[in-house]
Amino acid sequence: MDWLYLLEISLAGIGSGGLYALTALAFVMIYKATKVVNLAIGEMLMLGAYLMFGMASNLGWPIWVAIVAAIIGSGIGGAIVERLAIRPMLGESPISVFMVTVGLSSVMIGLVELIWTADQQRLPEFMPSDPIMLGEAFISPKLFYGFLVAAALIIIALVVFRFWRGGVALRATASDQAAAYSVGINVPRVFSLAWIAAAMIAAIAGIVVGSIGGLSSSMGVFGLSVLVVVIVGGLDSVLGALVAGLGIGLLESLAGGYLGGEFKLLATFSTLILVLMIRPYGLFGTHEIERL
């Protein structure tokens, strides 16, 4: 066995798994706070990347200004979506809210194609391009720095939502909305906070993913793998999102490296089916099954 090759594709898998975990964290954040299964998470990721592209390439803004503006703009977009499309649906059946997110994904794709067309685009380079070596193993610099960004953001998010007052309110709302109301927590505001934070996290992930693979209106397909990650890890489990993200990223890389690229999704969805057969609520999810 070529151990160097195994190490290289494993490191690549862990790198992409970090991005899965970061995006899955955004998904779980929304679900824990609002119980909304957000199928548009991949399109939120795509829209954040295109906002950065538009500001940097079309408007000529400095790259780092464009990145910050795109993240803030995505957060504002998340607040608007929650206020106009999600909050009016509170109390409706889960399938109704689910279908709203399906519609949101189509709207975002249409918006991107209307403004930037369906042609593939390239983000301006903003990451160091020097080769990264771990011993004799080569690591793609974009994947390496993307993983560092993902790991740093995950740690920051966990710390913020552990100690910040808004994070405590979010966790309280996720545990019991009625109890949160009873102690004076503004639950609708917490819903908005969850969507804003998730949209900003998705935008950062989208910028990194776009810098690696380019931009296109089909970037939302990335969300399919993220959906697998959150189902495998558990829809309401942050730990599950992190563990499953790294695991699915590693699995896809090994399957693609040894069996061929066409086997990546096969391995991913086979894992999904296996986990659902054994633990329908995911590896770390709450032992509760809700039918749509």
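Reader: Where is threonine 117 found?

Author: Threonine 117 lies in the loop between H4 and strand S1 (132–134); helices (H or I, at least four residues) and strands (E, at least two) are DSSP runs, numbered from the N terminus. This is a predicted model, in which local features need pLDDT of at least 70, side-chain atom pairs count only at pLDDT 80 or more, and totals for chains, interfaces and linings use all residues. Residues are numbered from 1 along each chain as its sequence is written, and side-chain values use heavy atoms, with hydrogens and water left out.

Reader: What is the phi of threonine 117?

Author: Most residues other than glycine have a negative phi. Threonine 117, not a glycine, has a positive phi of about 70 degrees. Lysine 35 also has a positive value, near 65 degrees, and sits in the loop between H1 and H2.

Reader: Is threonine 117 buried or partly exposed?

Author: Buried means under 20% relative accessible area, exposed over 50%, and partly exposed in between (1.4 Å probe, protein chains only). Threonine 117 has 37% relative accessibility, so it counts as partly exposed. Lysine 35 is partly exposed, at 40%.

Reader: Which residues of H4 are buried?

Author: In an α-helix there are 3.6 residues a turn, so residues three or four places apart point the same way. In H4 the buried residues are Val97, Phe98, Thr101, Leu104, Ser105, Met108, Val112 and Trp116. Their cover includes helix H2 (41–58) and helix H3 (63–86), where contact means heavy atoms within 4.5 Å.
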